[in-house]
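The sequence and the structure come first.

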Amino acid sequence: MSIYLGIDIGASTVKLGLFEPKQGAIGKRLDRPSSASEGPDATVDVIKTATSELLAANELQFQDLKAIGACCPAPIDASGMCVYPTNIDPSWQGVNIAQKLSGALQLPAFLLNDGDAAAYREYRIREAQNRASSVMAQFITGTGLGGALIINGKIWSAPAVSAELGHICIHSSENADLCGCGARGCVETRASLLGLRNMVKHRQAKGNVPEALQGEPMEVAKTLRRLGQMDDPLSDVVAIWQEYFTSLGIAARNLINTIGCDLIVISGGAQEKEKMASEGAYQRFKQDAIAWIRQELDHSFPHLTQTRVEWSIDRLPDSAAYGAAQYASVTGNSKS
Ligand SMILES: [Zn+2]
């Protein structure tokens, strides 16, 4: 058996899992506080200890591991260096994390951006089901809006940046909301938790919002997923989600018009299923979402109607960790 270690390094948590090319994700997984704010060496120490624990829990030894596939929430260059620490501690800037992991665990190590790792996994699952696409764009929602492009099975990246699809401009007015990147009107200012906050704020400023949308905007934004997936959601709540998915549709249209994509995948925590939501309500929420996105594509060039728009089909909790491990299994073997 060839077993690969997958690691998803986040600002607060590091998640570890094991991957075997024929079986997929195997065995027990674990997560630990990442200590990222204490610098990369502290996190590498955490990973070293956690790897021993993970192997023990799965009755495996270090020599059973073939390579490491890791990812973190920052632009990564081809050598495995953290180019700019966007969503992790400033002390990570310019540090070659792949080299550090390789040195600490005495294994070949590959490092990806976390969005790229999650999209790579999504692509490979679809490929296994004969549903792959030649140009797949994935929008990954969370606090912000990440993204990735997989072109002919390969992760698209320039020397120091991945496909940051959240910064596609959808609103060029000088009054458009300011984005974390410094520009105005990026799709992230609508289709993300921050986007939900912005829309709540604007509606509150106009006055006359229902009670459910009153309160501190970010706190209200965090309730919107639940409110949107109720059996009979408020019309104001539906309107916010319509703006959210229409914005994603505009960004998708711009992207398809610019580079051409045959598959758009929507994934991420901002619109995933709420625990308490009924299956029927969640299905309606998803159908509306896809229809609002499609509406933006379908009244553009006719050829855009060929592009599939789909929800993520990856059901694993730590998809980025397993995506990175799968990448290591493919890339490591193709080099050897
Ligand atoms: Zn931006």
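## The sheet

In this predicted model, strand β1 (residues 3-9) is joined to β4 by 6 bridges, and the two strands run parallel. Within this part of the sheet, D8 has C71 of β4 standing opposite.

The open sheet as a whole is formed by 5 strands in the order β3-β2-β1-β4-β5, with mixed pairing. Because β3 (24-33) and β5 stand at the edges with a single partner strand each, one side of each is left without a neighbour in the sheet. From one strand to the next, the twist averages 20°.

## Helices on the sheet

α2 packs on the sheet, where it touches β4 and β5, and its direction makes about 145° with that of β5. Helix α3 (residues 114-128) lies across β1, β4 and β5, and runs at about 100° to β5.

## The buried face of α2

In helix α2 (residues 97-105), the buried residues are I97, A98, L101 and L105. Seen down the axis of α2, these buried residues fall within an arc of 100°, so they line one face of the helix.

The partners against which the buried residues of α2 pack are α1 (40-57), β4 (65-72) and β5 (109-113). After α2 comes Q106, which has a positive phi, near 55°.

## The crossing of α1 and α2

The axes of α1 and α2 come within 10 Å and cross at roughly 40°, and these two helices are therefore oblique to each other. Their crossing is right-handed, and the contact is made by P40, V44, I47, K48 and T51 on the side of α1, with I97, K100, L101, A104 and L105 on the side of α2.

## The crossing of α6 and α7

Helix α6 (residues 235-259) and helix α7 (residues 279-298) have axes that come within 7 Å and cross at roughly 40°, which makes α6 oblique to α7. α6 passes α7 in a right-handed crossing.

From α6, the contact is made by Q242, F245, T246, L248, G249, I250, A252, R253 and I256, while α7 contributes A289, W292, I293, Q295, E296 and L297.

Notes: Residues numbered from 1 in each chain as written. Predicted model: local features only at pLDDT ≥ 70, side-chain atom pairs only at ≥ 80, totals over all residues. Buried ≥ 20, exposed ≤ 12 C-beta atoms within 10 Å, placed from the backbone. Helix = DSSP H or I, 4+ residues; strand = E, 2+ residues; numbered from the N terminus. Arc of directions from axis to C-beta. Contact = placed C-beta atoms within 7 Å. Pairing = 2+ DSSP bridges. Axes fitted to C-alpha atoms, helices over the stretch in contact; angles between N-to-C directions. Parallel < 35°, antiparallel > 145°, perpendicular 65-115°, else oblique. Left-handed = near helix turned anticlockwise from the far one by under 90°.
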